[in-house]
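User: Please examine the pockets of this structure and explain what surrounds them.

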Amino acid sequence: MIKLESKDQLFWLCQCCGWAAYALLTELLIKIPGSEPWNIHLGHLVLDTSCGFLITLLLRRLYATARRHQARLSIALHLGYLMTASLLWTQFKWFTLQGFYGSWWQPMTWFDFGTWTSASLTMLATWTAGYYGIKIYLDNVEQRHKAAEAMHLAKESQLKMLRYQLNPHFMFNSINAICTLILKQHNSQAVGMLEKLCDLLRYSLYTDPLAKITVREEVTILQTYVDIEQCRFQSHLNVQIHCDTVCEQLLIPSLLLQPLVENALKHGMSQQSSMEISVTFGCVGEHLQIDIRDNGSGFGDPGSEVGGIGMKNCQERLQLIYPEHSEFHCGNQLEGGAWIRIRLPREQAYQQKAAALTARESL
């Protein structure tokens, strides 16, 4: 497969191949069936093709100049250049042919003039159509590529914004909790909570917000967050995290679940003497299913806005990362509390490595 690094390379490839095809077809369809001697028609064919080649190079420059003007003037210039080039090429072909026969000043009949000029005009008009056809196609491809790149950059920026938007909210709550423990002189708990917080923030800062991690890693960081909150709520909080072994190497957006568990504590803990939260990872068909359940106060009235900033950001991240390939549902349990169900496409960790390797090899 030929890789073309620029439009100029593609132009020269098409230019050389196109005029080689012109020379071959002229030889097979016109020169060989004619009565011209070999030493005349081969020499004339070389000069004819070379002149056409050079004239189209000149037309390319003239067309570039004409495109800078307004539409009507540009069209008029294109037509003028095309007609002039056709006449020049016709005259060159005629006089060089006469030269091979030893007669430089043999005038053209009107029939010969019309026939040869029509052939020249047809060929140069075909070259012009092909030139602009390929140029417009490449320009459209370039524009689509730029638009896709802009969309990709915008998507990356939005995902980073959504990820980093969560951190100040969580830090504010955690630091307040540490301050409370210090004021109550629970220094050992404050130190433990601060160490866990450092681990969580270190992970958050040094992990690419756009990268996916394994479910096992997500469970580890989620457990770190739970340990922080456990220092804060002690026996009033019970969080159970269960993950099927088959799910551990599946990929998931990093720090996806921490804001959802934080949301459950924020909106459900205030009216409960104790809080129970369960997080379950399982595989259902071709999907990774995550269930989060709590015994808190639920989401409130059906007509009210469900959840807080954590849930909103989670849904937006899923829509950006898995457009139309993820599910996010939530509601209230009959026995009290809220539930959230997320379904993501099953994606193994080795698939991400293989895709990254393929991308590097294609560069």
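Analyst: A pocket is here an open set of grid points with protein on both sides within 12 Å along at least five of seven lines, and a volume is the space filled by probe spheres set on the points. The model under discussion is predicted.

User: How much space lies in the largest pocket?

Analyst: The lining of this largest pocket consists of 26 residues, and those nearest its centre are Phe-11, Cys-14, Gln-15, Trp-127 and Tyr-131. The space in the largest pocket amounts to about 640 Å³.

User: Which element gives the most to the lining of the largest pocket?

Analyst: Two or more lining residues come from each of helix H1 (7-31), helix H2 (38-66) and helix H4 (110-183). The element that gives the most, with twelve residues, is H1.

User: How many residues in the lining of the largest pocket are nonpolar?

Analyst: Four residues of this lining are polar and seven are charged. The nonpolar residues of the lining number 15.

User: Which element provides the largest share of the lining of the second largest pocket?

Analyst: The second largest pocket holds about 330 Å³ of space. Its lining has 17 residues, with Thr-26, Ile-30, Asp-48, Lys-93 and Trp-116 nearest the centre. H1, H2, helix H3 (71-100) and H4 each give two or more residues to this lining. The largest share, five residues, is provided by H4.

User: How many charged residues are in the lining of the second largest pocket?

Analyst: This lining includes seven nonpolar and six polar residues. The charged residues in the lining of the second largest pocket number four.

Conventions:
Residues numbered from 1 in each chain as written. Predicted model: local features only at pLDDT ≥ 70, side-chain atom pairs only at ≥ 80, totals over all residues. Heavy atoms only, no water. 1 Å grid on protein atoms, 1.4 Å probe; cavity = no way out; pocket = protein on both sides within 12 Å on 5 of 7 lines; lining within 4 Å. Helix = DSSP H or I, 4+ residues; strand = E, 2+ residues; numbered from the N terminus. Nonpolar A, V, L, I, M, F, W, Y, C, P; charged D, E, K, R; others polar.
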